[in-house]
Each structure stands twice: as C-alpha cells, then as structure tokens.
Amino acid sequence: MKIKPKAVRISIVGFGNVGGGVAEAIRRKQEEIARKHDIDIKIVGIADLKGVIVNENGLSEDAIMKLKTGEKPEDMTTLDVIKEVEHEIMVEATPTNVENGEPGLTHIITALESGRHVVTSNKGPLALQYRKLMELAAKKGKEIRFEATVGGAMPIISLVRENLAGNGIISIKGILNGTCNYILTRMVEEGLPYEHVLKEAQERGIAEADPSKDVEGIDTAVKLVILANSIFDRDVTYKDVEVAGITDITPEALKLANDAGYVIKLIGEVDRDGCLKVAPRLVPKDNPLNVGGTLNVATIKTDLAGDITVIGKGAGPIEAASAILSDIIGIYISP
Amino acid sequence: MKISMDIELKDIPGQLVLALKPVSNLGGNILSVLHQRDKKTPSGRIPVQLALEIEERGLDRLVERLKEKGVNVVRIGKERLKESMVVLLIGHIVHSDIRETIDSIDSTGFAEVVELSLSMPGVDKKSSASVTLSAIGKEELKEALGILERTVNKKGIMVISSI
C-alpha cells in the first residue's frame, strides 16, 4: 500500500523574482516531488512588502496571483506569519543587504526560534552572522540550508558536504558572478570598452541599474564568505575579503591576455591556508574555469578526488528556485 | 638549475646507460633524452641531447665523470631562470617610471622581466602591459610577483596574475 506523502508546509518571505520562482517551481513540480520523494509541499503563507497571504490548507494559484497585483492582503505582519502560521520551513528570499543583513536576518532568527527550518537565497545574513545563525539552528534542532546563495542552480555546497564527504577541501576557485562574466566575455568578443558593454548588459537586464555590487566584486566576495564559513569552517565576514572588481579592465589588457594564451575573469578564491580574495585573474584558455556568457563555474580542489569543476547558470528565478527546492527536499531525505 | 647538454657516445652497446647513471648518482634529475642513432658524427659517434636538473656544484663533477667514462661533452647550456609567469598591468605604466618597475625585479638577482608588451591607447588613457617574469625557482617567482605588486600598487597600477 502506498503511504500518503508527508505534508511539508512552507512560507515564502520575500516575493520578488526568487520567491515567485519558488512558487512557480513548486506548482510545476508538486506532483513529481510527491511521487518521487513522498513529500507534499504546500505553500501556506507568503509575505512581502506588498502584504501577506495565508491559508493553512495551501494557497491557491488565484490567491498568489492576487498578491502580485496587490489585492486582499491579510492583516498580519511578516513576523506574524513566521511565528504564528503553522509550517515546517521558512523560505527567505528577500534581497541581500550586506550592511546589516536586514530584514532577512530577523526573519531567519525568528523562524528558527519559532521552530522552523530555514532555506534561504539571501546572502546578507550568512555573510555577516554565519556562526551565530548556525549555533541558533543547532540549539533549536533545525536546519539552515543555503545552496541558492552561491552559484544559483550550480550545486556546490551540497556537492562538497554530501557527494565529496570524506575529502579534505584544499581550495575553491571560480566565477561566482554572471554579470561580470558576461561583461568580460563581451569585451573580448567585441573588443569594446567596459562602459559600452556595461550599458549593453543593463539594456539586456543582465546588469542592474546600479551595477556596483556586481562589477566591484562585492557580490562575489559575499558568496566567497559563505563558502569560507560553511566549507572551510572559517569565521569571516565580507569585510575580511580582499576585493578588486572589473571596472578598470581595458580592451587592450584583454587583447594582451589573449595573445599570451589567457582570458581575464573575475575569480573568487578561498583556500584552507587563509586565502580569501576576489580579483581579476588570468585564466589559461584551456582551463575549465574559462566559461563564457553569464555562466558560473567553480573548481574544487580536494585531497582524494583531485579537481572537480562544476558549471551552471548562476542567476535567474527558476535557477535559484531549483537550488531552494533541492534544499527543501534535502531536509527531509537526508539521513 | 636546468641544464641542456649535448654529448657524444661511442657506437657500442651500453653507452647511454653509462652516460646517464652519473646524473642520478650526483642527485640530478633527467628531464629529457634525445638519442639520435641515425645521425652519426664524422668520428662515428652518436649525438645525444640531454636536459637535466642538477645543483650547480654537481655540474663540474658530472662533466668530469662523463669524460672518465669516455663520453664527449660537446656543449653545456645553462638555463638559470627556469620558472616563468605572465602578469598583466593596467594603469599609467609608462608615466609612473616603468624603468623603476622593471629594476625592482631585475635587481633581485633571482628574477628578471624577460618580456614586456605595451598597449597605449591614448595619452590620457590607462595603458595595459603584459609582463613575463622569470625566476630561478617557483618560490623565487612568487616572491618576484610580490615585489612587482608592491612596487606598482604604490603607483595605482592594477596587477592581474594567473590563477
């Protein structure tokens, strides 16, 4: 006899691109996940600046649509939803804030204290308060998973923790920001200056109107901090990273690099000896880190398995949702 | 230190082993052996090109031992700077005294700037350069990169090093 799938109720806090992508991915995958993993994922609450919607039996598509258009919000705050609506997992998908981590930090702390697991795509809280959050989770017997914070759909944290368990990790080097990769790739292809290609990237929606977080290496640095803390057991924050961005890269430099057999990429590097650095680096053309467009890539140097390189889409709502979904399922199928 | 060496062997069996043994006996490491059996010298000997690594003080003894065994040593080439890397510089490279930048490496005695390509798109614009550094060993090469970084960082020049 087939047992009834376990009901897993989730709330989504922050309903922008990523939060919306999670709802969409769940809608598309709900049956498949129930069949394959015996987990019936239900969205019981969504909270956003636009308002809050709640239904303990699972929100309908209609209700979710209405929230998007700003109709019928409940008379509740985000923290009320996290604290008072019965659910197992809070998905935190508000935008990253590297100054103080808010509002995500408060959402995560509240969720853990209310006995919820946390799955997040928000880098700020982890980049600033990693240790504190992990200790709180351990104390409450809950999990925080955050695969979506580094490399989007590209698996890296669970790859190291699960598939490469038993290996010592020597270093991780990679391209962790798709916007910078796109700009550098286009500069090489077209021989155009940085400012020109940046404009093109902004027109195509690949770079933001204020691109400074991406092009100055801040986003890469924040991701690197999460890797340093979660994989290398360091206790660092974003302020500990040596950071240089790509704004000074010239077409001539790319040409000279090309003549010498290299490309220039913005590389984040962390190792077990204390290196924690983001900088434009020369990458040999035949190195696996030489990937183009908006792709992300990381080479994990291990003591047993040698070098493992993963390549994937670093950004995008469905890609982030993929990582979040795998974290949700992972909480229930891990031993 | 890396050495290239041309030797000539008698055309009788066992000569190659006879010539290579002293290298390992003296703590050297053979990198490559090119044994050209079909190219005899006018005196009927067989030319062999060797590349090997050996301590500088072991080299004289190696040549001595080869001669004792009847091996002709016809040429020794020393390649002192065996490690190289390319780095890029971006900034006002020329106008911030490029001479001093190069000297900071060359004056170390263990590393040199062996190649420099410069691209200057306009007087008021930043230049870009690719620089090849060579050094006598890996550690020395790393140190040379550190010296270069410290020298040019003061001048507001960005250094892009290899992964």
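A polar contact is a pair of N or O atoms within 3.5 Å; within protein, one must be able to donate a hydrogen and the other to accept it. In this predicted model, seven residue pairs are in polar contact between chain B and chain A, both residues at pLDDT 80 or more.

Stay with that interface. Chain B brings 16 residues to the contact and chain A brings 21. About 1500 Å² is buried between the two chains, and carbon and sulfur atoms give 70% of it. The chains share one salt bridge. Its partners are K126(B) and D248(A), with N and O 3.4 Å apart.

Now look at the chain B side. The largest share, four residues, comes from β5(B). By class, this side of chain B has nine nonpolar, six polar and one charged residues.

Turn next to chain A itself. Domain 1 covers 6–152 + 317–333, and domain 2 covers 160–312. Their C-alpha centres lie 28 Å apart. Domain 1 of chain A puts 12 residues into the contact, and domain 2 of chain A puts in 20. Together the two domains bury about 1400 Å², 64% of it on carbon and sulfur atoms.

Three salt bridges link these domains. One of them pairs D233(A) with R131(A), the closest N and O atoms being 3.5 Å apart. Helix α5 (residues 123–140) of chain A gives the most to the domain 1 side, with six residues. That side divides into seven nonpolar, two polar and three charged residues.

How values were computed. Residues are numbered from 1 along each chain as its sequence is written. Chains are lettered from A and ligands numbered from 1 in the order in which they are written. This is a predicted model: local features need pLDDT of at least 70, side-chain atom pairs count only at pLDDT 80 or more; totals for chains, interfaces and linings use all residues. Side-chain values use heavy atoms; hydrogens and water are left out. Domain bounds come from an automatic or database domain assignment. Contact means heavy atoms within 4.5 Å. Buried area is the accessible area (1.4 Å probe) that two parts lose on being put together, summed over both. A salt bridge is a side-chain nitrogen of Lys or Arg within 4 Å of a carboxyl oxygen of Asp or Glu. Helices (H or I, at least four residues) and strands (E, at least two) are DSSP runs, numbered from the N terminus. Ala, Val, Leu, Ile, Met, Phe, Trp, Tyr, Cys and Pro count as nonpolar, Asp, Glu, Lys and Arg as charged, and the others, Gly among them, as polar. A polar contact is a pair of N or O atoms within 3.5 Å; within protein, one must be able to donate a hydrogen and the other to accept it, and residues adjacent in sequence count only if both atoms are side-chain atoms.
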